[in-house]
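This briefing is meant for a reader who is meeting the structure for the first time. Please keep the sequence and the model in view while going through the points below.

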Amino acid sequence: MIGPNKSPNIQAIQFFRTIEMKLAVSTWAYLNLPLEQALERISKITSRAEILCESRHNLFRPENLDVASSFQLKYSVHGMIADINIASIYPEFREASVNLHKRAITASAAIGAELYIIHPGYTPWSFCWRDAMLCLDQSLSEIAPLQEELGIRLAVENMPKSDWLFFNKPDIDLHELGLVLDIGHANTCGTIEEFLNHPALTHIHLHDNSGEGDEHLALGQGEIDLLPILKVIEERDLSATLEQKTESAVIESLEAIQKHSQPMRTCIVK
């Protein structure tokens, strides 16, 4: 990561502020910093942040709610991942996971977040697949009413190629929730085009990979063709998030967007 006392690439940021994209930066790139410092860094790049609700950025911490509310940023929130499985076949684990998401969704609504993102869960055993899918369906049906109750969009994220992760192709009932297309995940499954055409598409996670694994590389460092994705973002007026592991990779991704956006129109950032 770029040191806390250094400024990111000014040319890339100036370009970013002139393109018509609702583009956020994930706090994942700043998990080594307290949330306040992470949001301060992001605010120098964009007016949008996606808070990864994990570790020191968890919104269950009252001080993090205060910090997030103190910034003039538009938020999306990525729900918890560690120890969470809304597809668990064990009712106690499934219910605990759903309840933790409900708490986090409530906290996200309290800071004015526009979107909350949910991972669909997993099962380590192929012979439990059908039962776990039924549990996932039940969990989504229980979470879905919060969308209207709290006025926050909820969306499910597609997963990378795996024998135990659900939703690596568009094959589940979303219960009127949105879809977050993670292009890196979809690239490992060869399903980018299928998800891009999904009617529930709401938000896009932008990162790159070689197609062999979920590497979360800077855009342009893998094999993903970025131009068709940028066109869909513009045509459908979608929001998106740069989801890299370091600030330097975020800036490199901005430079890749700048390169690919040259044939496209430019105007005021949203």
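A nonpolar patch, as the term is used here, is made of residues with over 30% relative accessible area and no salt bridge, whose nonpolar side chains are joined within 5 Å. The model is predicted, and every value that follows is computed from it. The points below begin with such a patch, go on to one helix and to the salt bridges, and end with a glutamine in a loop.

**A nonpolar patch on the surface**

- Ile89, Tyr90 and Phe93 make up a nonpolar patch on the surface, and together they have about 330 Å² of accessible area.
- Phe93 belongs to helix 4, which covers residues 91–110, and this residue counts as exposed because its relative accessibility is 56%, where the cut-off for exposed is over 50%.

**Helix 9 and its surroundings**

- Helix 9 spans residues 226–235, and within this helix Leu226, Ile229, Leu230, Val232 and Ile233 are buried.
- When helix 9 is viewed down its axis, the buried residues fall within an arc of 160 degrees, and they therefore line one face of the helix.
- The elements against which the buried residues of helix 9 pack are helix 7 (183–189), helix 8 (192–196), strand 7 (201–206), strand 8 (239–242) and helix 10 (247–261).
- At the start of helix 9, the backbone nitrogen of Leu227 has a side-chain oxygen of Asp225 within 3.5 Å, while just after the helix Asp237 takes a positive phi of about 55 degrees.

**Salt bridges**

- A search of the whole structure finds four salt bridges, and the pairs described here are among them.
- Lys22 forms a salt bridge with Asp237, with 3.5 Å between the closest N and O atoms; the pair links distant parts of the chain, since Lys22 is in strand 1 (residues 22–26) and Asp237 is in the loop between helix 9 and strand 8, 215 residues apart.
- Asp237 counts as partly exposed because its relative accessibility is 38%.
- Arg48 forms a salt bridge with Glu114, the closest N and O atoms lying 3.2 Å apart; Arg48 is in strand 2 (residues 48–52) and Glu114 is in the loop between helix 4 and strand 4 (115–118), so the pair ties together parts that are 66 residues apart in sequence.
- Arg48 is buried, with a relative accessible area of 7%, whereas Glu114, at 39% relative accessibility, counts as partly exposed.
- Arg94 forms a salt bridge with Glu142, and the closest N and O atoms are 3.2 Å apart; this pair links Arg94 in helix 4 to Glu142 in helix 5 (residues 129–143), 48 residues apart.
- Arg94 is buried, with a relative accessible area of 4%, whereas Glu142, at 27% relative accessibility, counts as partly exposed.

**Gln244, a buried loop residue**

- Gln244 is placed in the loop between strand 8 and helix 10, and this residue counts as buried because its relative accessible area is 0%.
- The side chain of Gln244 has a polar atom 3.0 Å from the backbone oxygen of Leu206, and a polar atom of that side chain also lies 3.3 Å from the backbone oxygen of Leu217.
- Leaving aside residues up to four places away in sequence, Gln244 touches several residues, including Trp28, Ala29, His207, His216, Ala249, Val250 and Ser253.

How values were computed. Residues numbered from 1 in each chain as written. Predicted model: local features only at pLDDT ≥ 70, side-chain atom pairs only at ≥ 80, totals over all residues. Heavy atoms only, no water. Patch = residues over 30% accessible without salt bridge, like charges linked within 9 Å, V, L, I, M, F, W, Y side chains within 5 Å. Areas by Shrake-Rupley, 256 points an atom, 1.4 Å probe, with all protein chains shown as cover. Salt bridge = Lys/Arg side-chain N within 4 Å of Asp/Glu carboxyl O. Helix = DSSP H or I, 4+ residues; strand = E, 2+ residues; numbered from the N terminus. Buried < 20%, exposed > 50% of the residue type's maximum accessible area, 1.4 Å probe, protein only. Arc of directions from axis to C-beta. Contact = heavy atoms within 4.5 Å. Polar contact = N/O pair within 3.5 Å; in protein donor to acceptor, adjacent residues only side chain to side chain.
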